[in-house]
Amino acid sequence: MLSPVTSNTSQSLKNPQPLTAVPTEALKRIQWLLTDVDDTLTWQGTLPAQTLEALTQLKEVGVHVIAVTGACAGWCDQIAKLWPVHSVIGENGAFFMQKDFNGFHTQSVLPIATMKHQQTLLMEALSELLRDYPDTDFASDQAFRYCDVAINIGQDRSAVDRDTCQELLARIQQLSIAGHKVKATQSSIHINVWIGEHSKQATSELLLRQQLSQKSLPLEHITYIGDSLNDESMFSWLPMTFGVSNITRWLPQLSTKPSYITDSSGGYGFSELAASIIQAKQ
């Protein structure tokens with residue numbers, strides 16, 4: 001049984017401090033860096049060279065990077081296999097993937113066949129709902145998803161306006177499928193919809209407990225960096241967290257904010273944090 005998310009109340013009441021304000025000793029303690037992917041590791045649809053170099057250097061100094069994303073299983077597969085990361089949590093916590101000396105492993109919260117069946121029911125309900133939003137459609141990577149249904153609000157297209165996103169998100173969250181309340185959250189590019197109790201935070205905790213074989217996680221050694229509304233549960237869970245600069249527009253809507261914020265956006269901001277951690281450890 002996972003422990004419930006506890007609100008980081010001290011952080012929820014104030015805006016993030018600049019990255020330069022992080023104590024060196026706090027950076028030295030970081031052993032696990034959990035990170036969002038879209039617009040946190042990437043920027044404007046590409047992966048900056050600085051990001052890939054930062055991931056490599058973090059690995060060299062002993063920091064385990066876990067990608068925690070709403071991205072589809074197809075993307076997660078190649079990230080876990082090709083990028084210098086420890087593991088990947090995908091589709092907002094539906095599963096995680098890991099490549100190690102024993103091969104490639106995928107562990108899902110529910111059996112994949114169950115998730116696919118629920119996904120089919122969701123697609124039917126959302127297709128009906130989207131008739132009211134003719135300029136909005138499913139994400140182009142929908143075919144490569146195990147669990148959730150992603151609605152494209154900003155990936156390789158002009159962004160859907162904020163009011164429409166909020167209205168659509170609210171309507172989705174009122175849906176019930178086969179007796180299950182539908183869950184939904186918004187990232188910088190998608191509205192992600194699923195059935196189940198999993199989340200970025202819950203599956204991160206599950207994975208870390210397995211890796212560390214501990215009932216009580218050393219939260220002072222774990223941190224997270226993100227960019228959007230669907231990162232709030234991570235900001236609430238961990239005592240020290242980070243936002244890349246492009247999270248600024250979402251701060252008024254976040255009840256719990258990141259502790260610190262980078263100067264640069266997306267992968268360039270992630271690289272700033274990585275450089276600070278590496279310098280502290282050296």
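This is a predicted model: local features need pLDDT of at least 70, side-chain atom pairs count only at pLDDT 80 or more; totals for chains, interfaces and linings use all residues.
Which residue of strand 12 does Thr 35 stand opposite? Ile 225. Keep that pair in mind.

On one flank, strand 2 pairs with strand 12 in the parallel sense, over four bridges. That is where Thr 35 stands opposite Ile 225. Strand 13 also pairs with strand 12, again parallel, over three bridges. There, Gly 226 has Gly 243 of strand 13 as its bridge partner.

Is strand 12 buried or exposed? Five of its five residues are buried, so the strand is largely enclosed by the rest of the structure. Look at the two faces. Ile 222, Tyr 224 and Gly 226 are buried on one side. Thr 223 and Ile 225 are buried on the other. Both faces are covered.

Move along the sheet to strands 3 and 4. Strand 3 is residues 64-68, and strand 4 is residues 87-90. They pair in the parallel sense over three bridges. Val 68 has Ile 89 in strand 4 as its bridge partner.

What lies on this sheet? Take helix 9 to begin with.

Next, a helix pair. Helix 3 covers residues 49-60, and helix 9 covers residues 266-281. Their axes come within 9 Å and cross at roughly 25°. That makes helix 3 roughly parallel to helix 9. The crossing is left-handed. Who makes the contact? From helix 3: Gln 50, Thr 51, Ala 54, Leu 55, Gln 57 and Leu 58. From helix 9: Gly 267, Tyr 268, Phe 270, Ser 271, Ala 274, Ile 277 and Ile 278. How do the residues of this contact divide? Eight nonpolar, five polar and no charged.

Leu 19 also deserves a stop. Leu 19 sits in the loop between strand 1 and helix 2, residues 24-29. Leu 19 counts as buried, at 10% relative accessibility. Leaving out residues up to four places away in sequence, Leu 19 touches Phe 242, Ile 261, Thr 262, Glu 272, Leu 273 and Ser 276. Asn 246 is 227 residues from Leu 19 in sequence, and the two are 14 Å apart, C-alpha to C-alpha.

Strand 8 pairs antiparallel with strand 7, residues 137-138, through two bridges. Phe 138 has Ile 151 as its bridge partner there. Strand 8 also pairs antiparallel with strand 11, residues 190-195, over four bridges. In that pairing, the bridge partner of Ala 150 is Asn 192 in strand 11.

Two backbone points now. Most residues other than glycine have a negative phi. Which residues go the other way here? One is Gln 44, with a positive phi of about 55°. Gln 44 lies in the loop between strand 2 and helix 3. Gln 44 is exposed, with a relative accessible area of 66%. Another is Asn 92, where phi is near 55°, also positive. Asn 92 lies in the loop between strand 4 and strand 5. Asn 92 counts as buried, at 2% relative accessibility.

Last stop, Ala 170. Ala 170 lies in helix 6, residues 162-173. Ala 170 counts as partly exposed, at 33% relative accessibility. Between Ala 170 and Leu 47 there are 32 Å, C-alpha to C-alpha, with the two 123 residues apart along the chain.

Definitions and conventions. Residues are numbered from 1 along each chain as its sequence is written. Side-chain values use heavy atoms; hydrogens and water are left out. Two strands pair if DSSP finds at least two bridges between them. Axes are lines fitted to C-alpha atoms, for helices over the stretch in contact, and angles run from 0 to 180 degrees between N-to-C directions. Angles under 35 degrees count as roughly parallel, over 145 as roughly antiparallel, 65 to 115 as roughly perpendicular and the rest as oblique. A crossing is left-handed if the near helix is turned anticlockwise from the far one by less than a right angle, and right-handed if clockwise. Contact means heavy atoms within 4.5 Å. Ala, Val, Leu, Ile, Met, Phe, Trp, Tyr, Cys and Pro count as nonpolar, Asp, Glu, Lys and Arg as charged, and the others, Gly among them, as polar. Buried means under 20% relative accessible area, exposed over 50%, partly exposed in between (1.4 Å probe, protein chains only).
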